[in-house]
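Q: Got a model to go through with you. Can we start with the terms, then the sites?

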Amino acid sequence: MSREDERNRLPATGRVAFVTYLAAVSIPGVTLAGLLIGRVVLTDSGLLAGSVAFWMALALVGAGEARPLFLPGLADPVGVATSATFSYAALLHLGLPVAILLHVSGVLAAAMVRRPAWWRTVFNVAQYSISLAAAWATLTLAGYHASLPHPASPRGGDIPVIALAGVAYFLVNNVLVSSAVSLFSQRSLLATMRADFGYHAGVNTALLAVAPLVAVVMDQAAVLLPLFVLPLVAIHKHAEVSVAREHEALHDALTGLPNRVQLLERTETTLGRDINRPAALFLLDLDRFKEVNDTLGHPAGDEVLQIVAVRLRASLRPGDVVARLGGDEFAVLLPEVADRDTAVELAHRLRAALDEPIQVAGTFVTADASIGIALAPEHGSTFELLHQRADVAMYLAKAGRGVEVYSAERDTNSPQRLGLLTELRGALERDEIEVHFQPKVRLADARVVGAEALVRWRHPDRGMVPPDEFVPLAEQSGLMPRLTDRVLAYTTEQAAGWWASGHPLVVAVNVSIRDLLDPGFLARVDAALGRSQLPAEALILEITERVLISDYARGLDVLESLRRLGVGLSLDDFGTGYSSLTMLRRLPVSEIKIDRSFTARVLDSPEDESIVRSIAELAHALGLTVVAEGVEDAPVRERVARLGCDLVQGWLTGRPVRGTELAAVLAAQAPACPRAGVDAPGG
Ligand code: C2E
Ligand code: MG
Ligand code: MG
């Protein structure tokens, strides 16, 4: 959709009110114009035809509209301005019907050049006719009369009433337009009028102030009218420059979206109303955008950003604001949002809108985005605070599932989190960190062939803290390598014990992007294996798809080195990220774990069932082992087995337990033939 189409699109919400308003103004306005123009043409056409002043003014209006000053993004382009001077002068000299005739000609000429939607043209005709009628009523009440049969010429004493009528014209016109804009954009009438009031008042004063002079010249020497062209052009140029400057100050040059300054203003206005009315601020950051720039060049990157801007705009309601903050960072302000769930749903919709491939530089790219949400008044009631909190949420979204709402517990900057972080540091020293193991069971023979190490924090006051609450904290604070080292050391040591007692389990350790990008990681994995004398095949590292977002190339390098070391790699939570099937082929993984969200619905949703089946088929074709995560009951286990999964992991076959407890489970199971779990985990 072009920007012009966008401007002409009727709003989806509040459409009834908007259309009703348009009709309520257009019908009487156009009727008035029709009646008056009809009358002047029928009764006074002879006089009109003989009026040099009229023809000169008409020619000047036409010339002005043929080369309108076109200012992008402006609701009411300045091109119409020439008409204002001449129609107001005609009102003073020849009366209302001629003034309306002139102005309508101007509007129609402008419509032929700019081709706006028909309802805009009709509304403009009505709006100007009503405004001129208001000015005429003011003049008439004050005793100033002009008509085609009895032309008038302003005198010094008329100036106050002419000024007053000018004010009436401007105010009526402004209220009519602002009401439409306010209904269209769902902003309050006052806020809409305030937004451009100074600018419009300035331009209108300049244009209308010349009108009495024009009227005098119309009366005395109409052939001199073209001399007014120069000062009017000067007024236009000035208006154009100032509007362009204002536009520049408030918009992003590349996408035309509001910029940070305007977002701040709009957010403060939103927050300035009833503080208890909920609003939301999203921060949206494109994933892997740097790659697009690096591989396809900056012009392609720019094009992607422009398309992203259009898609975001099209997915929002008229009152919502989407801004570009710079680089690949966008923001969305929702001045009206029912609740948190609605905000989250919308965020997912925005991500879906960006999901469709974008064709640039002869190839397709996808613009995946991570979105952080802060809600007002819950998370803050200033722009500063909301922005900061949406940023924290966005960071978590990048590491997680793409959309996150701010939560103080997960904010490293919040006092609670800073406290927790200090405690976590201490916990690593005091040995409060534990590792539990969840069995991975082979479907073919129901044997435990592996176990996933899941970290736990036994907090002295808070009890067992789940990893979701402190792993992100460790990631953001630089504690991650120490935490992972602890898990690795503990896990390899346990595994060595199981191997020694005849249970060659493949143990899985979760690693984060922080670990992968840490230059010493490979050596540390090697060292942990060395210390425990465990073969590299006994270890499998689980990475989530999102791990690779921030630095794909470096991440891939490390994965390949790990693979060369002999360590297995597993793609965790498969299906929740965006990884494409091509990516699966390029990654040196040996296993994929289908996320719990698919497994859980496999019985109820035919779609999820076919997703699981297709993933399994594809993975097998690529020689990978398939694990179904989160299997909680037997019917699900039977189904995933039939769909082709090799292993299951979940509460049905075992909750995460301490190493000693798992050892008891293993002991109850008949001893394995040596290394069965390693050589044939897939059965
Ligand atoms: P994950 O790697 O996908 O681990 C599986 C999660 O699903 C575990 O949650 C596990 O307890 C849970 N789960 C297993 N079976 C079932 C089931 O049948 N039903 C349900 N509802 N849940 C089940 P947990 O232990 O809370 O771990 C959450 C996440 O924290 C893990 O997801 C992993 O991403 C991360 N994590 C855990 N330990 C570590 C670690 O040592 N290092 C890193 N980097 N991340 C870790
Ligand atoms: Mg895992
Ligand atoms: Mg998982």
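A: Buried means under 20% relative accessible area, exposed over 50%, and partly exposed in between, with a 1.4 Å probe and protein chains only. This is a predicted model: local features need pLDDT of at least 70, side-chain atom pairs count only at pLDDT 80 or more, and totals for chains, interfaces and linings use all residues. Residues are numbered from 1 along each chain as its sequence is written, chains are lettered from A and ligands numbered from 1 in the order in which they are written, and side-chain values use heavy atoms, with hydrogens and water left out.

Q: Is Glu629 buried or exposed?
A: Buried, because its relative accessible area is 11%.

Q: And Asp572, buried or exposed?
A: Asp572 counts as buried, since its relative accessibility is 6%.

Q: What does Asp572 bridge?
A: The magnesium ion (ligand 3) and the magnesium ion (ligand 2), which lie 4.1 Å apart.

Q: Switching to ligand 1. How many residues surround it?
A: 23, the closest being Glu452, Arg456, Asp572, Glu632 and Trp651. To be near, a residue needs a heavy atom within 4 Å.

Q: What's the make-up of that shell?
A: Nine nonpolar, five polar and nine charged residues. Ala, Val, Leu, Ile, Met, Phe, Trp, Tyr, Cys and Pro count as nonpolar, Asp, Glu, Lys and Arg as charged, and the others, Gly among them, as polar.

Q: Which element gives the largest share?
A: S9, with four residues.

Q: What does Glu632 do there?
A: One of its polar side-chain atoms lies 2.5 Å from a nitrogen atom of ligand 1. For Gln438 the distance to a nitrogen atom of ligand 1 is 3.0 Å.

Technical notes: Polar contact = N/O pair within 3.5 Å; in protein donor to acceptor, adjacent residues only side chain to side chain. Helix = DSSP H or I, 4+ residues; strand = E, 2+ residues; numbered from the N terminus. Donors = N, O, S within 2.8 Å, 3.2 Å for Na, K, Ca; no water.
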